[in-house]
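Q: Let's take a close look at one part of this model. I'd like a connected account of it.
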Amino acid sequence: MTEPLHRINPVELSPPAGFSHAVTATGGQLVFLAGQTALDQDGKVVGDTLPAQFRRALTNLLTALQAAGGSPADLARLTVYATDVAAYRDCAAELGRIWQEMAGRDYPAMAVIGVVRLWDEEAMVELDGIAVLP
């Protein structure tokens, strides 16, 4: 069976670090994942640092994906909304380690977008995505 996702990283573009330049998807079922922040089961933002909140937001996103029948390798697109892009960049190596620990080395097409604030004022980061299930 052919994998539904194919990651494309042309040599003409700068080497991707923590993302893929393009991802194609064939067949399968689309899963649209709502924005996830560092909310716990009681609806409270947890984590005092950007990496801690990123870990919880990614946990929440992957939990929703798993409930839909998917796994991290099925993520085709991920958008990161950060209230402080400079802080996100400063933490990039640690965030990359968290990603690899939780989601592996297959990266979706990604974007990081700076925002003034998120729905919950304490939230520093929000993740949403699109997955393609085989």
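Is Trp-99 buried or exposed, and at what relative accessibility? Please go on to the helix around it.

A: This is a predicted model, where local features need pLDDT of at least 70, side-chain atom pairs count only at pLDDT 80 or more, and totals for chains, interfaces and linings use all residues. Residues are numbered from 1 along each chain as its sequence is written, and side-chain values use heavy atoms, leaving out hydrogens and water.

Trp-99 counts as buried, because its relative accessibility is 3% (buried is under 20% relative accessible area, exposed over 50%, partly exposed in between, with a 1.4 Å probe and protein chains only). Helix 3 buries Trp-99 along with Leu-95, Ile-98 and Ala-103 (helices are DSSP runs of H or I, at least four residues, and strands of E, at least two, numbered from the N terminus). Down the axis of helix 3, those buried residues fall within an arc of 100 degrees, so they line one face (the arc takes directions from the helix axis to the C-beta atoms). Arg-97 and Glu-101 are exposed on the face turned away from that buried side. The cover over the buried residues includes helix 1 (50-67), strand 4 (75-82) and helix 2 (85-90), going by contact, meaning heavy atoms within 4.5 Å.

Now the rings: the structure holds two aromatic pairs (Phe, Tyr and Trp rings, the last by its six-membered ring, pair with centres within 6.5 Å; planes under 30 degrees apart are stacked, over 60 edge-to-face, the rest tilted). Phe-54 and Tyr-88 sit edge-to-face, 6.4 Å centre to centre with 70 degrees between the planes. Trp-99 and Tyr-107 have ring centres 6.2 Å apart and planes at 25 degrees, so that pair is stacked. Tyr-107 counts as buried because its relative accessibility is 13%.
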